[in-house]
Amino acid sequence: KYLYGKLFELPSILSFQTNYLFMKKCVLQRPVAPIPQQWLTSMLTMVPQSLMEGRELVVQKLKEEVIEDYEKNMKRFMVRTVLKKPDVKGLEDEEEAPLPVLPLGLDFSSPWHKSFAHAKKKILSNLNIVHPTMKTLLDFGYASFSSFLLMDFSSYRSKGPTDCDSLEADVSLSCSKAEDTILHIWYQRVIGLFSQKALTGIKLHQVDSFYNSVAVLMSNQVKELLTRTIEAFVKIFDSEERSCLPLFKMTLILDENNKGFYPSFQRLEEAILSVVNHVGQTLQNIQTVHSWLMGGTTTLDAELPSHTVVWATSELKKYIRDNLEGPKAYFENYVERYGWLVDGTAETQVERFEAEEHSFDEYT
């Protein structure tokens, strides 16, 4: 009787297994809607451009990985949603992907529109960055700074060899001109914006908070401009960008038995590092909008972040050291071959020769 019962159950179990595996195969072979291209484009826009340059193959590989992962998870989701695995022997190893869960903090089990509308109203009344005037201010900053640097470093090499004093004077003049341009275009537009009805919807007790937000936004825009300028300057010394590497005049001098380059390597390094200082001193006296309107003297916090200065100084010193290996080797070879002519060795040999007796041919 026991054996008869087991033999009776066997066709049923095999049927469940076969049906489930067949249906699962059919579901997995069902076409899946491809991931929308705008999703991939939106993902890539959030990646800084500096990380994208020169890494096209890596980016393409990551896109393919995202597409593959999307399709795989969509198929697993369809299997879990469409089919229910029967509780029979032989299917224990059939893995089931867990169903996606809602993001933490979102609960749609009860009406939400009223609380959503209330939260939106609170945001609009307290989050200053969503105010229409702030959007206009962001647009001004983007239009003025997105493709602008305090100076064009890419043209330095085409100008030919320069000296340290000329470099410092050129950088100082360029920063001064750029500052005048920014103050006459961007800053005047900002002041013009707030001279009109820019505080629509702002309550009296929120005015100070609103102007503080304006000051922070303007500070961030100026700091970002200064940082990009420093990054562009550091980049031209990279060995991979030799097409833009500046040329400096270096003279080999002999001064009272002292041999060396003029300017010295230390002076050259100081001149190059001074560019960071010149950039950091630019746009440091811009009045806040509230101060300008009220006749005060408060200025924006536009100081370069300390970590940017430390990074730029460290990178420039490394690049300067690497690029001066050639001149140093040339100088050492020159001293090795001709240094004896000026360090007293040749003079001693002449005096000793004159003090000795030699033949006419030897004197000749």
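**A chat about loops, rings and pockets**

Trainee: Where is histidine 358 found?

Mentor: Histidine 358 lies in the loop between α13 and α14, where helices (H or I, at least four residues) and strands (E, at least two) are DSSP runs, numbered from the N terminus. Before we go on, note that this is a predicted model, in which local features need pLDDT of at least 70 and side-chain atom pairs count only at pLDDT 80 or more, while totals for chains, interfaces and linings use all residues. Residues are numbered from 1 along each chain as its sequence is written, and side-chain values use heavy atoms, with hydrogens and water left out.

Trainee: Is histidine 358 buried, partly exposed or exposed?

Mentor: Histidine 358 is partly exposed because its relative accessibility is 22%; buried means under 20% relative accessible area, exposed means over 50%, and partly exposed is in between, using a 1.4 Å probe and protein chains only.

Trainee: And what is histidine 358 in contact with?

Mentor: If we set aside its neighbours within four places in sequence, histidine 358 is in contact with Phe353 and Tyr363, where contact means heavy atoms within 4.5 Å.

Trainee: OK, ring pairs next. How many aromatic pairs are there?

Mentor: The count is 14 aromatic pairs, and the rule is that rings of Phe, Tyr and Trp (its six-membered ring) pair if their centres lie within 6.5 Å, with planes under 30 degrees apart called stacked, over 60 edge-to-face and the rest tilted. One of them joins tryptophan 186 and tyrosine 187, which is tilted, at 6.4 Å centre to centre with 50 degrees between the planes. Tryptophan 186 and tyrosine 187 are both buried.

Trainee: What about phenylalanine 353 and tyrosine 363, why is that pair edge-to-face?

Mentor: The planes of phenylalanine 353 and tyrosine 363 stand at 85 degrees, with the ring centres 5.6 Å apart, so the pair is edge-to-face. This pair links distant parts of the chain, since phenylalanine 353 is in helix α13 (residues 345-355) and tyrosine 363 is in helix α14 (residues 360-363), 10 residues apart. Phenylalanine 353 is partly exposed at 29% relative accessible area, and tyrosine 363 is partly exposed at 42%.

Trainee: Which residues do ring pairs link into a cluster?

Mentor: That cluster consists of Phe153, Tyr156, Phe233 and Phe237.

Trainee: Switching topic, how much space lies in the largest pocket?

Mentor: The largest pocket holds about 650 Å³ of space. The search uses a 1 Å grid over the protein atoms alone, and a pocket is an open set of points where a 1.4 Å probe fits, with protein on both sides within 12 Å along at least five of seven lines, while lining residues have an atom within 4 Å of a point. Grid points are joined across faces, edges and corners, and a volume is the space filled by probe spheres set on the points.

Trainee: Which residues are closest to its centre?

Mentor: The largest pocket is lined by 17 residues, and those closest to its centre are Ser50, Glu53, Glu231, Ala232 and Lys235. Two or more lining residues come from each of α3 (49-52), α8 (207-235) and α11 (306-323), with α8 giving the largest share, five residues. The lining divides into six nonpolar, two polar and nine charged residues; here Ala, Val, Leu, Ile, Met, Phe, Trp, Tyr, Cys and Pro count as nonpolar, Asp, Glu, Lys and Arg as charged, and the others, Gly among them, as polar.

Trainee: What lines the second largest pocket, by class?

Mentor: Its lining has 11 nonpolar, one polar and two charged residues, and the volume of this second largest pocket is about 290 Å³. Of its 14 lining residues, Leu245, Pro246, Phe248, Asn323 and Leu324 lie nearest its centre.

Trainee: You mentioned α11. What does threonine 308 touch?

Mentor: Threonine 308, which is found in helix α11, touches Thr227 and Ile230, not counting residues up to four places away in sequence. Threonine 308 is buried, with a relative accessible area of 6%.

Trainee: Last one, the backbone. Which residues does a cis peptide bond join?

Mentor: The cis peptide bond joins tyrosine 262 and proline 263, with omega about -5 degrees, and proline 263 sits in the loop between β2 (258-262) and α9. Leucine 283 also deserves a look: its phi is near 60 degrees, a positive value in a residue other than glycine. Leucine 283 lies in the loop between α9 and α10 (289-294) and is buried, with a relative accessible area of 1%.
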